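Please open the structure in your viewer and keep the selection tool at hand.

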Amino acid sequence: MSKQLRLDVAQLTDVGRKRPHNEDNMAYVIPRDSQVMAKKGALFIVADGMGGHAAGEVASEIAVDTVSNVYYQDEADDIPLSLMNAIKRANALIHQRAAENMMRSGMGTTCVAAVLRGGVAYIANVGDSRAYMVRHGQARQISQDHSWVEEQVRAGLLTKDQARSHAQRNVITRALGTQAEVEVDVFTELLEDGDTFVLCSDGLSGPVGEEDLRAIVNQYMPQESVYHLVERANENGGADNITAIVVRVMEAGDDVPAALQHPVHVGGGNHVADESTAVLGRVPSSSLGVSTPPRVEDGRINSRPLPPPAAEPAFISSKGYTAPHAAVNVPRRKRNRLLLPTIVVAILLIVALAGAGAWYFLRPSAVQTTLNNADTLISQAKLKVSSQPDQALSNLTQAQQELRSLKGASLNPQQSDQLISLQNNLTSEFKTALTNYNQRSLAVGLPCVNQAPVTLNASGSDIQTSSLATLQTDKDHTVSYVLGLDGAVYQVNDQHTLQKVPLGNDKIILLTSDNQYLYTLTSAQPSANYHLHAYKWQNNKLTEKVNNGTAIKPELVTNQTPLLLTAWAGEVYVISASSQANQNQATLLNYNVDKLDKDPATTQISISAGLVSAAALPNGQIFLLHSDGKIASLQANSPKALEAGVLVQQTVNTPWSQDAQNFNAATPVATPTAPISKFLSIPPPTAQTRQSLLSVGMVNNAAHLFVVDNTNHRVLNFVVKAPNSVAAAATPAASATANSMGGGVIAPNSNLPSASLEQQYVSSTLVSGVKGTAFDARTNHVNLLAAAPSSAATNQIVIDVSSTAACRPNP
């Protein structure tokens with residue numbers, strides 16, 4: 001039976017931290033029709049636009065839409081030719097659109113596209129957007145930048161290090177739309193199972209080096225990889241728009257054209273290609289040889305290759321735009337007979353302007369109307385601050401918007417006094433309403449008294465961290481361990497310094513603990529053999545339970561990748577993600593720490609969306625957080641583990657993350673998301689926020705579920721109860737119902753797991769980039785591993801959850 005190409009794909013774009021808007025565009029097409037997929041394959045494309053007045057966004061959108069449509073409309077079997085023709089068509093349309101609108105003159109876009117078909121990948125690029133391939137743990141750039149510095153590097157005139165800091169590093173020598181025709185480079189790669197391709201704009205490839213890209217792609221599935229790549233680019237400055245598509249080859253097809261089984265270079269004569277990469281060809285450019293001065297657009301310079309110094313200076317203005325100059329002499333026209341109509345039109349125009357001026361000066365003052373509107377809203381809020389603080393906050397937010405609209409307006413003395421009075425009233429009422437609302441929402445501000453965040457210092461190098469675990473070493477001490485993106489584990493010592501722990505040579509991809517044991521899951525590259533390890537604290541060091549760990553049999557995770565690791569009281573659970581072919585399936589492996597030499601209990605799970613976090617409680621109760629924000633529960637020891645929604649016992653309001661004490665009329669206000677009702681769920685992440693996380697613990701003999709909600713800057717503390725029974729309906733419904741989870745249907749009379757809110761812990765600065773969470777059973781503390789505000793450092797944050805009165809915010 002022939003092998004069919006199977007892919008796992010994710011994409012993400014972000015405006016970055018310096019740009020006012022996003023001019024990147026991206027798309028991918030995976031045909032559902034098997035015949036189309038077999039003939040044309042799957043298409044992926046990233047475009048990075050350039051040009052003022054939103055022209056770059058227009059150019060990149062045209063590129064993505066045109067290439068996606070034209071490629072599949074071309075019925076030719078020649079993939080490289082079809083791909084080049086589609087890109088050439090996009091170039092022509094962008095150039096034509098620019099010529100039709102003077103405001104978009106010179107607009108253009110880079111373009112990197114990939115077609116994966118059978119056992120071959122075809123990569124095309126124009127400009128400096130890139131395509132990388134990660135194979136056997138190693139990253140390699142497939143595309144070639146069309147930039148001035150890269151051409152100097154390829155010619156041996158500059159080194160890579162010199163190119164990174166060169167004054168001309170933003171000069172690109174090729175782009176779509178800037179000329180009537182364009183050259184397109186196309187490369188080919190034979191596919192292997194496990195290959196991962198990353199297509200990205202220079203907003204990612206600039207601040208994120210190949211080593212970081214390699215580490216992230218190796219550690220995470222595509223859905224998580226894109227998030228971490230974009231986040232890393234923002235952590236390193238986020239100077240440009242950031243876009244990435246990550247494509248993992250779950251299984252390569254065996255359909256490989258005979259001509260490509262031994263690929264050779266067939267492109268331009270002076271190109272040096274990797275042995276496994278071939279430049280298939282180029283669409284020729286215009287033969288006119290017209291060179292134009294460089295254009296500086298939003299920090300990107302778009303040019304042909306730099307010309308030699310000319311005898312006369314180029315016409316460049318102070319802002320970098322080409323200055324206007326006469327191209328031809330314009331002959332003087334003869335006087336025509338339109339003088340009388342012109343006079344009539346002028347008179348009518350004067351009359352219209354006079355009428356408009358009279359209306360303007362006689363109408364009520366717009367400033368006064370705005371002030372009156374704000375006054376009414378504040379008065380309405382004042383009546384609701386005690387009984388309906390949520391409605392009061394809504395009124396006050398509208399009033400703040402009204403007052404902000406007056407910024408820069410011309411006010412008379414009376415209006416200025418009224419504005420100051422309204423701002424003071426707004427501030428006072430907002431503080432009261434916010435305090436009342438958060439008290440009703442059981443919300444407490446962070447940090448707790450005497451538990452300020454501490455910054456974790458790296459010893460010798462900058463360590464990028466990803467998850468956290470705690471281990472009780474004796475009755476009086478607990479040690480924290482952090483997993484780095486480099487695949488190593490670090491211990492947090494008493495000086496809050498990260499010290500590397502020698503735990504073998506294999507890469508550690510997952511880390512967890514049950515307070516008594518520290519568990520790791522390792523991957524031996526390139527074969528990706530997985531081992532489960534258990535460590536206990538003995539003689540002031542970590543001692544492994546079973547030497548070299550326990551090998552996870554390959555047949556237990558066929559076509560799957562271990563994604564999550566969680567444990568409770570010696571029961572260890574490894575959850576593997578399903579393949580591209582069956583995205584609604586996952587596998588749960590249940591090991592016992594005292595029987596690691598025995599085969600695990602294996603359970604197939606039906607899931608409704610991708611899994612991002614898991615936490616285990618006694619008796620095999622597992623909580624799962626999905627990528628869409630839904631939180632579900634299942635019984636690991638059930639013959640057929642079926643996800644059940646978690647009922648909430650009361651409506652859970654989202655706290656306002658503003659600090660009531662420091663609020664003033666100019667403080668930005670972010671309206672909270674909708675409350676949680678009926679079933680437990682939180683908002684899914686955005687490009688600016690991390691995935692949320694779960695942890696669990698027993699507090700005062702009650703099971704607690706802690707939900708880190710990065711989107712709303714909070715940690716939710718729920719008391720949870722397991723169901724007495726969860727039964728699947730005899731015949732699953734064809735369409736989803738209110739109780740439907742993961743392809744199965746929970747019977748309406750089932751006893752579902754439930755959650756009752758005990759406390760919310762809120763901070764807009766501390767709970768925004770939480771990477772890991774762990775419960776310390778010795779102290780009843782929830783520990784968070786979070787990005788430090790306005791810094792690349794990592795903070796450890798402690799929340800005392802021993803009682804509802806334990807965490808009191810710092811004054």
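**First stop: the largest cavity**

Select His 228, Glu 231, Arg 232, Glu 235, Gln 464, Thr 465, Leu 485, Arg 690 and Lys 771, which together line the largest cavity. Please bear in mind throughout that this is a predicted model. The volume of this cavity is about 40 Å³. How many cavities of 30 Å³ or more are counted? The count comes to one.

Now colour the lining residues by class. Five are charged, three are polar and one is nonpolar. Next, display helix α8, which spans residues 222–235. With four residues, helix α8 gives the most to the lining of the largest cavity.

**Second stop: Tyr 227**

Remain on helix α8 and select Tyr 227, which has its place there. Is Tyr 227 buried or exposed? Its relative accessible area is 8%, so Tyr 227 is buried, the cut-off being under 20%.

Show the surroundings of Tyr 227. Leaving aside residues up to four places away in sequence, Tyr 227 touches Leu 12, Thr 686, Thr 689, Arg 690 and Gln 691. Among these, Arg 690 is also one of the residues lining the largest cavity. Then select Pro 685 and draw a distance from C-alpha to C-alpha. Tyr 227 and Pro 685 are 9.2 Å apart in space, while 458 residues apart in sequence.

Two of them are visited here.

Select Phe 430 and Phe 663, an aromatic pair that is stacked, with 4.0 Å from centre to centre and 10° between the planes. Phe 430 belongs to helix α12 (residues 413–440), whereas Phe 663 lies in the loop between β35 (647–648) and β36 (693–699), so the pair ties together parts that are 233 residues apart in sequence. Both Phe 430 and Phe 663 are buried.

Move on to Phe 706 and Phe 775. These residues also form a stacked aromatic pair, 5.5 Å centre to centre and with 15° between the planes. Phe 706 is buried, with a relative accessible area of 1%, and Phe 775 counts as buried at 7%.

Select Lys 40 together with Tyr 71. The charged end of Lys 40 sits over the ring of Tyr 71, 4.4 Å from the ring's centre. Then select Lys 536 and Tyr 517. Here the charged end of Lys 536 sits over the ring of Tyr 517, at 4.7 Å from the centre of that ring.

Select helix α2, residues 55–73, and find Ser 68 within it. What does Ser 68 touch, not counting residues up to four places away in sequence? The residues touched are Ala 27, Val 29, Leu 43 and Ile 45. Ser 68 is buried, with a relative accessible area of 14%.

**Last stop: the whole chain**

The chain has 811 residues, of which 51% count as buried. Among contacts between residues at least 6 apart in sequence, 64% join residues at least 24 apart.

Terms used:
Residues numbered from 1 in each chain as written. Predicted model: local features only at pLDDT ≥ 70, side-chain atom pairs only at ≥ 80, totals over all residues. Heavy atoms only, no water. Helix = DSSP H or I, 4+ residues; strand = E, 2+ residues; numbered from the N terminus. Buried < 20%, exposed > 50% of the residue type's maximum accessible area, 1.4 Å probe, protein only. Contact = heavy atoms within 4.5 Å. Phe/Tyr/Trp six-rings, centres within 6.5 Å; stacked < 30°, edge-to-face > 60°. Lys NZ or Arg CZ within 6 Å of the ring centre and 35° of its normal. 1 Å grid on protein atoms, 1.4 Å probe; cavity = no way out; pocket = protein on both sides within 12 Å on 5 of 7 lines; lining within 4 Å. Points joined across faces, edges and corners; volume = space filled by probe spheres on them. Nonpolar A, V, L, I, M, F, W, Y, C, P; charged D, E, K, R; others polar.
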